[in-house]
Amino acid sequence: METTAAITQSTRRTESRQGKLWRISAIARNAFREAVRDRVLYNLVLFVLLLTGASVFIGELSGGQERKVIVDLGLSAMLLFGVFIAIFVGVGLVYKEIERRTIYAVFSKPVGRGEFLVGKYLGLCLTLLVNVLVMGVGVSLALVYVSHGWDQLIPTIWPAVLLIYMELMLLTATALLFSSFSSPALSALLTFMVFIIGHFSTDLKSLAASLGGSGARWLFTSLYYLLPNLSNYSFITPAAHGRAPSPGFVFATALYAFVYIAVILAAATLVFSRRNFK
Amino acid sequence: MNDRNRTIALGLVVVIGIACAALLVQRIDTLRPPEDPNAIDESLYVNGKTARRMSLGFNGLAADWYWMRSLQYVGRKIINDNDVPLDNLGLLNLKLLAPLLDTATTLDPEFLDPYEYAAIVLPAINVNDAIRITKKGIDANPNAWRLYQHLGYIYWQQHDYQAASEIYGRGAQIEGAPPWMEAMKAKMAADGGSRATAREIYTRMYEQSADEKVRDMARRRLLQLDSLDQRESLRKFLAAYQARTGKCPSSWKEIEPVFRALHVAVDASGAPLDPSGAPFVLRPCDVELDPKSEIPAK
């Protein structure tokens with residue numbers, strides 16, 4: 001009897017887990033479709049034009065450094081476009097559902113608040129993945145064009161692309177967290193500030209070390225550990241010189257991103273669960 | 001007004017508006033006071049370290065921008081002030097070049113081309129800046145033997161053959177450095193001021209540099225060395241002619257048969273040609289480069 005009950009309970013749990021995953025994936029697919037419908041991927045056209053222009057004209061301006069410039073420009077544009085998408089689409093993910101009142105229809109079904117947020121988050125991450133993959137291919141093709149064949153920089157740009165994607169995933173989670181309790185404009189501003197401070201984190205540490213007062217030192221040290229360290233994901237410049245990060249470094253940064261995203265999404269769910277939609 | 005007419009009217013407003021704006025810009029361009037030449041050379045607002053902090057992970061791209069700005073800055077001055085060799089730009093008042101190259105290399109310390117450019121161009125403007133930036137490159141890229149070659153070149157230009165020999169020696173010890181770096185060390189110490197050493201330096205520079213402008217400068221310097229040899233021979237010949245006839249030749253035509261017998265390349269007027277193919281100019285018992293020759297006079 002006890003065994004049967006345990007099996008039934010386990011089956012229910014598995015079904016419940018599967019149902020949860022199915023619901024999250026349905027919300028994610030929907031968020032991706034919505035981003036595509038919102039013409040978010042149009043930025044790819046701009047990117048292609050930018051790279052084509054760079055491939056043709058930069059050689060004239062850069063004194064024979066077109067390969068380096070193409071990698072720098074291509075990966076920087078990838079990061080910049082990605083940051084804009086992560087911020088401006090990310091802050092609207094939840095807000096738009098609330099404003100259109102479609103969130104009531106979603107929550108009238110057996111969908112948890114956490115599932116909703118994670119689904120939305122994954123949907124935007126999927127959009128960003130498509131973006132960075134297409135842009136990565138674009139940069140590789142531009143290198144093939146200027147080198148008239150295979151270029152040795154092509155294999156080194158992909159680890160940098162992966163790191164850029166991780167940074168964008170972190171920013172998307174941050175945008176989602178702010179948008180779970182704030183207006184889109186303020187959320188965008190706050191997320192952009194996190195992006196800036198995230199690239200200054202090394203300075204925060206040196207500032208903390210140089211300060212005399214223990215209170216200020218404690219504050220800046222805490223900020224250094226609390227805020228996401230985005231400078232770890234900047235590998236564009238070494239990639240342009242043909243240097244790739246070590247697998248250990250990529251693994252550590254991936255783990256850091258995973259842990260940080262889990263923390264941010266947990267916090268966002270916590271805040272969002274307390275919001276009253278009745 | 002129906003929909004079609006409204007569309008046509010709005011389309012016309014757009015087209016005519018753009019045309020008017022273009023005409024206005026043209027008019028404003030003619031009314032604008034001429035640019036103050038000193039305004040172009042305003043100091044940079046941010047130094048390299050600040051620019052690096054402000055670049056938010058886009059430091060590579062910012063370095064490329066500063067690098068291209070350096071090239072354009074020099075290019076603009078060269079266009080304004082005639083064609084001068086890359087290593088003799090001292091008269092062009094390029095006071096912003098060192099800060100621009102310094103910023104580019106602070107933003108991306110592994111970017112080797114700005115160091116090379118600094119080593120070639122800056123000695124004629126400010127040799128201390130050239131040495132400082134090249135040494136900064138060596139500190140950031142201790143395994144880049146080419147930077148030792150460039151620093152050695154700066155010391156050689158300053159006639160500091162001992163320092164040049166030492167730098168070539170240090171560069172020669174780096175893995176992957178070509179064997180001629182060791183040979184240059186010995187040559188600098190024994191015979192730094194000779195034409196043969198100069199020829200060796202420019203030949204190596206021509207072979208190693210990926211920058212077309214630097215290669216062109218090295219090529220012209222090699223032509224200049226060849227022309228110096230030629231001029232020496234011609235002067236000896238003219239002196240011998242004067243000793244034999246008691247006068248200097250009034251034109252190349254007078255001595256053309258001798259050149260032809262010696263298989264010296266001459267043009268239609270009988271003037272011997274310099275290595276770039278321009279005719280030498282005859283002065284009484286002396287020979288000079290044609291001002292139109294691409295070979296630098298100095």
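How do the residues of the lining of the largest pocket divide into nonpolar, polar and charged, and what are the counts? The lining holds six nonpolar, ten polar and six charged residues. Nonpolar here covers Ala, Val, Leu, Ile, Met, Phe, Trp, Tyr, Cys and Pro; charged covers Asp, Glu, Lys and Arg; the others, Gly among them, are polar.

The model is predicted: local features need pLDDT of at least 70, side-chain atom pairs count only at pLDDT 80 or more, and totals for chains, interfaces and linings use all residues. Residues are numbered from 1 along each chain as its sequence is written, chains are lettered from A and ligands numbered from 1 in the order in which they are written, and side-chain values use heavy atoms, with hydrogens and water left out.

The largest pocket has a volume of about 520 Å³. A pocket is an open set of points on a 1 Å grid over the protein atoms alone, with protein on both sides within 12 Å along at least five of seven lines; lining residues have an atom within 4 Å of a point. Volume is the space filled by probe spheres set on the points, which are joined across faces, edges and corners. The lining of this pocket comprises 22 residues, and A:S231, A:S234, B:R52, B:G57 and B:N59 lie nearest its centre. Two or more lining residues come from each of α9 (201–210) and α11 (236–240) of chain A and α3 (48–54) of chain B. α11(A) gives the most, with three residues. Helices (H or I, at least four residues) and strands (E, at least two) are DSSP runs, numbered from the N terminus.

The search of the whole structure also finds one cavity of 30 Å³ or more. A cavity is a set of grid points where a 1.4 Å probe fits but cannot get out. About 40 Å³ of space lies in the largest cavity. Its lining consists of B:L112, B:D113, B:E116, B:R146, B:L147 and B:H150. In chain B, α6 (112–121) and α8 (145–157) each give two or more of these residues. Two are nonpolar, one is polar and three are charged.

One disulfide is counted over all chains, a disulfide being a pair of cysteine sulfur atoms within 2.5 Å. The sulfur atoms of B:C248 and B:C285 lie 1.8 Å apart. The link is left-handed, with -110° about the S-S bond. B:C248 sits in the loop between α12 (212–245) and α13 (256–261) of chain B, and B:C285 in the loop between β1 (281–283) and β2 (286–288), 37 residues apart.
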